[in-house]
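Let us work through a structure by asking how to read its features. Keep the sequence and the 3D view at hand.

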Amino acid sequence: MTPARPPARGGRRPSRPPIRLAALRAPEADRSNALHSGAWWLWALGLAAAASRTTDPVLLALIVAVAGHVVAARRTDDPRARAFRFFLVLGVVVVLVRVLFAVVLGSPVGGGAVLFTLPEVPLPAWAVGVSLGGPVGAGAVLFAACDGLRMATVLVCLGAANALADPARLLKSLPGALYEVGTAVVVAMTFAPRLVSDLVRTRSAQRLRGRPDHGLRGLRRVALPVLEGSLERAVALAAAMDTRGYGRVAEVPPAVRRATGALTTGGLLGVCVGVYAVLADGGTAPLVLLPLGSAAALAGLWLGGRRSVRTRHRPDRWGARAWLVTASGWVPVAVFALVAAADPALVHQPVAPPDWPPVAPVAAAAALVGLLPAAVAPLPAGRSGDPGPTAPAPPPPPRPRPAGARPTRDAVGGTDPSRPRTGEPEPEHRP
């Protein structure tokens, strides 16, 4: 075999193969490349922190849309992922309750036209600043609606983290000193989605049996099986955890225990004072307290981890995709802070007097950065976007039978007029 000669001078060189867009897609998630659960929580906490810094309904609606789109694109078939819609319903309830309280109990924010007037109830002299009924202004209702929408957005962001992050995998990444606390938190986090799934399943069963699932009678028929199943699951979980040795610790010297408690307590107090100084503009105090408190708390956690007698099997890795997901959640926080420092009116809804919400293009673009996990996070199993199995090809049309050929029997016992008969004996077909 002779080697290929190089192209002649002036000839066309072989073109490089084109880059396929399929190679740039996010891979399908498995044990080796699954996104770290902590990245989902950091992304959601960043969006929640950004939502807490604004009352602009446009920006809050963008954050809710971003969280919902990422959940729809990267959620799994686990029951906890289906609980995200209940967080949306809970957010709507929070907004309605906040507006109702502002209408009935009054609001310190005034401005705008009076919408209606409720009968006012006289209160004693010691209830200063509280009113029942009276005139309800448009500014008070608008302020309550925006404030409730902010709280609802924070709940939706936490619901997105609950729908996307696996609590069991997150528990594996906690330090040894926080293992018992993390176990309690994970059990509490998994209780709500399972309770919701039990409620949906019980209501469906009652509806299929023709029994009412609404009202007091329906609540009694649904609540008792759900509570009974929750108690049975709690007892089974406690027995399984006790069998596997949860809560057992190793013996450490008393000096190490005292040093662990002192470092952890002192470090957390330093962090709290440093954060308070940041919020209160404490000058150079946060530059000293925050690093020292964080270092002391980390040292205490490291010493406290010596009491843990567990090992980690296949620990989750923090890769480049986890960094991208985390950064996409905290970019809106930084941009919102910069916009608020330049002009606070750009991230807050004017209520005295009421006006259209100001939309800062930079802040809106920063909120849309949170959509990055929908493109870079690995796809759950079965949602890789590959085309499914194609339908079987239709059978070929029958061939014309030559003139004079006798029909033959097919495999089912019939005749196939499209196949000419040969001189070979046909196989015997028995039923």
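The dialogue below takes up cores, a helix, salt bridges and a loop residue.

Q: What kind of model is this, and how are residues numbered?
A: This is a predicted model: local features need pLDDT of at least 70, side-chain atom pairs count only at pLDDT 80 or more, and totals for chains, interfaces and linings use all residues. Residues are numbered from 1 along each chain as its sequence is written, and side-chain values use heavy atoms, with hydrogens and water left out.

Q: How many residues does the largest nonpolar core have, and which have the most contacts inside it?
A: In soluble globular proteins, nonpolar side chains tend to be buried together. A nonpolar core is a set of buried Ala, Val, Leu, Ile, Met, Phe, Trp, Tyr and Cys residues joined through side-chain atoms within 4.5 Å. Buried means under 20% relative accessible area, exposed over 50%, partly exposed in between (1.4 Å probe, protein chains only). Here the largest core has 44 residues. Leu35, Trp40, Trp43, Ile63, Val325 and Phe336 have the most contacts inside it.

Q: Which elements give two or more residues to this core?
A: Helices (H or I, at least four residues) and strands (E, at least two) are DSSP runs, numbered from the N terminus. The contributors are α1 (37-52), α2 (57-74), α4 (138-164), α10 (320-342), α11 (361-368) and α12 (373-376). Helix α1 gives the largest share, nine residues.

Q: What does valine 325 touch?
A: Contact means heavy atoms within 4.5 Å. Leaving aside residues up to four places away in sequence, valine 325 touches Leu35, Ala39, Trp40, Trp43, Pro373 and Val376. A second, separate core has five residues, including Val99, Ala102, Val103 and Ala144.

Q: How far does helix α3 reach, and which of its residues are buried?
A: The expected span of a helix is 1.5 Å times one less than its number of residues. Helix α3 (residues 84-105) has 22 residues and reaches 31 Å from its first C-alpha to its last, close to the expected 32 Å. Its buried residues are Phe84, Gly91, Val95, Val99, Ala102 and Val103. The face turned away carries exposed Val89 and Leu96. Just after α3, glycine 106 takes a positive phi of about 85°.

Q: How many salt bridges are found, and which residues do they join into one network?
A: Side chains of opposite charge can pair when their charged atoms come close. A salt bridge is a side-chain nitrogen of Lys or Arg within 4 Å of a carboxyl oxygen of Asp or Glu. The whole structure has two. Aspartate 147 pairs with arginine 98, closest N and O atoms 3.1 Å apart. This pair links distant parts of the chain, α4 and α3, 49 residues apart. Aspartate 147 also pairs with arginine 150, at 2.7 Å. Those two both lie in α4, three residues apart, about one turn of the helix.

Q: Is aspartate 147 buried or exposed?
A: Aspartate 147 counts as buried, at 13% relative accessibility. Arginine 98 is partly exposed at 23%, and arginine 150 is partly exposed at 22%.

Q: Where is glutamine 349, and what does it touch?
A: Glutamine 349 lies in the loop between α10 and α11. Glutamine 349 is buried, at 9% relative accessibility. Beyond residues up to four places away in sequence, its contacts include Thr55, Leu142, Cys146 and Trp356.
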